[in-house]
Structures are given as C-alpha cells and as structure tokens.
Amino acid sequence: AKMVENAIVYSHPRRAVGVSVALSPDGKNAVVRVIDHGEGVPRPICPVSSNGSPRFQPERAQADGIGLGLAIVKHAALAHHGDVTVWSAPGQGSTFTLSLPVGD
C-alpha cells in the first residue's frame with residue numbers, strides 16, 4: 001500500500017499510476033509493480049550501481065521523510081524473504097517492483 005500511496009503523492013497531477021500483479025516467470029514469486037510519472041527518486045536514496053542500473057538503498061533514507069516509507073517497504077519485503085527494486089529517471093518517474101515468494 002505504501003508504494004501505491006507514494007506513487008499517487010509524487011506523480012504529476014492528473015497522471016495515471018499503474019499497478020500490476022503477476023507471478024514471476026518461474027512461478028516462485030508474486031511480483032507487484034507500481035509505476036508513477038513523478039520526479040523520480042533522488043540519487044542519494046537510489047544511486048546508480050556499477051552496472052548502470054539504480055539500486056534502492058533504504059539506509060540512505062533521510063530524516064525529513066524522503067525515502068522512509070520506501071525503507072519500511074524494503075525491510076518488510078526482506079523479512080518475508082522478498083525484495084524491492086526500483087527503476088527511476090529524473091523527471092520521468094519510477095517503477096517500484098516488490099517480489100515476494102509464494103507458498104507451496
């Protein structure tokens with residue numbers, strides 16, 4: 001819910017927020033994607049990794065609230081043996097992907 005709330009809050013007015021839910025290709029994970037059309041995630045929270053793709057770092061969330069909700073999502077995902085990834089570009093928005101294992 002926090003990923004959807006953030007997408008709505010940080011998207012440009014009158015822009016749609018996309019949400020999709022599907023199984024991963026191997027059928028082992030539920031994959032939730034939230035796509036917004038906002039300003040993108042600030043680089044201190046989502047720096048570029050060595051392979052050029054952004055990687056979310058909850059430990060870099062700031063005390064003024066920027067990134068704290070994402071840190072909570074990330075820690076909740078990890079507690080359930082899942083993960084959260086993000087693609088983000090300044091001025092183009094972000095795509096947050098939550099992946100959680102499905103039961104047997």
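**Exercise 1. What pLDDT does the protein average, and what share of the residues score at least 70?**

Let's start with the ground rules. This is a predicted model, in which local features need pLDDT of at least 70, side-chain atom pairs count only at pLDDT 80 or more, and totals for chains, interfaces and linings use all residues. Residues are numbered from 1 along each chain as its sequence is written, and side-chain values use heavy atoms, without hydrogens and water.

Step 1: pLDDT is the predictor's confidence in each residue, from 0 to 100. Step 2: the protein averages 77, and 73% of the residues score at least 70. Step 3: over residues 47–55, the pLDDT is below 50.

**Exercise 2. Work out the order of the strands in the sheet.**

Step 1: strands here are DSSP runs (E, at least two residues) and helices are runs of H or I (at least four), numbered from the N terminus. Two strands pair if DSSP finds at least two bridges between them. Step 2: the open sheet has four strands in the order β1-β2-β4-β3, with antiparallel pairing. Step 3: β1 and β3 (83–89) are the edge strands, each pairing on one side only. Step 4: six bridges join β1 to β2 (residues 29–36); Gly18 has Ile35 in β2 as its bridge partner.

**Exercise 3. Is Phe96 buried or exposed?**

Step 1: find Phe96 in strand β4 (residues 93–101). Step 2: buried means under 20% relative accessible area, exposed over 50%, partly exposed in between (1.4 Å probe, protein chains only). Step 3: Phe96 counts as buried because its relative accessibility is 7%. Step 4: its contacts (heavy atoms within 4.5 Å) beyond four places in sequence include Met3, Val34 and Leu70.
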